[in-house]
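User: I would like to go through this model label by label, setting each value against the criterion behind it. Please begin with the rule for the secondary structure.

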Amino acid sequence: MKSLNMISLMGNLGKNPEIRYTATGEPVVSFSLATNNHFKNKEGSWTTETQWHQITVFDELATKLQKGQTVYLEGALKYGKYTNKQGQEVKTSYIVANLVQLCDAKAKNTESEQQTPQSKIGDQK
């Protein structure tokens with residue numbers, strides 16, 4: 001039986017990424033991504049609903065991401081759980097991205113540091 005676990009999102013980083021390193025020195029980059037859904041409510045007014053997604057990326061270039069940047073990403077939905085300080089089991093969900101692409105260019109101090117919409121992080125698999 002064939003199956004597919006693929007997520008595609010485009011949104012804005014909610015804060016600067018958190019960077020950790022594995023025992024072998026590989027970076028593990030985590031950040032929150034906001035996506036917005038615009039719709040008319042029962043009263044007929046336009047409303048915006050924001051969803052927050054937790055993202056994990058295993059790539060050195062992801063360490064360059066910054067709060068507010070717009071990114072497109074593809075990855076897989078993962079589930080986990082942990083025990084909190086009160087001893088209760090908490091279920092989590094997050095996305096492991098294998099492709100992250102910048103969608104906006106932010107001005108940098110030098111042209112060589114300028115990021116373009118074609119900048120890619122990770123390999124598309």
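Analyst: Helices are DSSP runs of H or I with at least four residues, strands are DSSP runs of E with at least two, and both are numbered from the N terminus. Read along the sequence under that rule, the chain follows the pattern β-β-β-β-β-β-β, which comes to 0 helices and 7 strands. The model is a predicted one, in which local features need pLDDT of at least 70 and side-chain atom pairs count only at pLDDT 80 or more, while totals for chains, interfaces and linings use all residues. Residues are numbered from 1 along each chain as its sequence is written, and side-chain values use heavy atoms, with hydrogens and water left out.

User: What makes β5 and β6 a pair, and in which sense do they run?

Analyst: Two strands pair if DSSP finds at least two bridges between them; strand β5 (residues 70–83) and β6 have 13 bridges in the antiparallel sense, and therefore they meet the criterion. Within this pairing, K78 stands opposite Y94 in β6. The two strands form a hairpin with 5 residues between them, and G87 in the turn has a positive phi of about 80 degrees.

User: Why are the contacts from the side chain of N84 to the backbone nitrogens of Q86 and Q88 called polar?

Analyst: A polar contact is a pair of N or O atoms within 3.5 Å, where within protein one must be able to donate a hydrogen and the other to accept it, and residues adjacent in sequence count only if both atoms are side-chain atoms. N84 has its place in the loop between β5 and β6, and a polar atom of its side chain lies 3.0 Å from the backbone nitrogen of Q86 and 2.9 Å from that of Q88, so both distances fall within the limit.

User: Why is the link between E89 and K81 called a salt bridge?

Analyst: The term requires a side-chain nitrogen of Lys or Arg within 4 Å of a carboxyl oxygen of Asp or Glu; the closest N and O atoms of E89 and K81 are 3.9 Å apart, so the pair qualifies. The whole structure holds 2 salt bridges.

User: What makes E89 count as exposed?

Analyst: Exposed means over 50% relative accessible area, buried under 20%, and partly exposed in between (1.4 Å probe, protein chains only); E89 is at 52%, so it counts as exposed.
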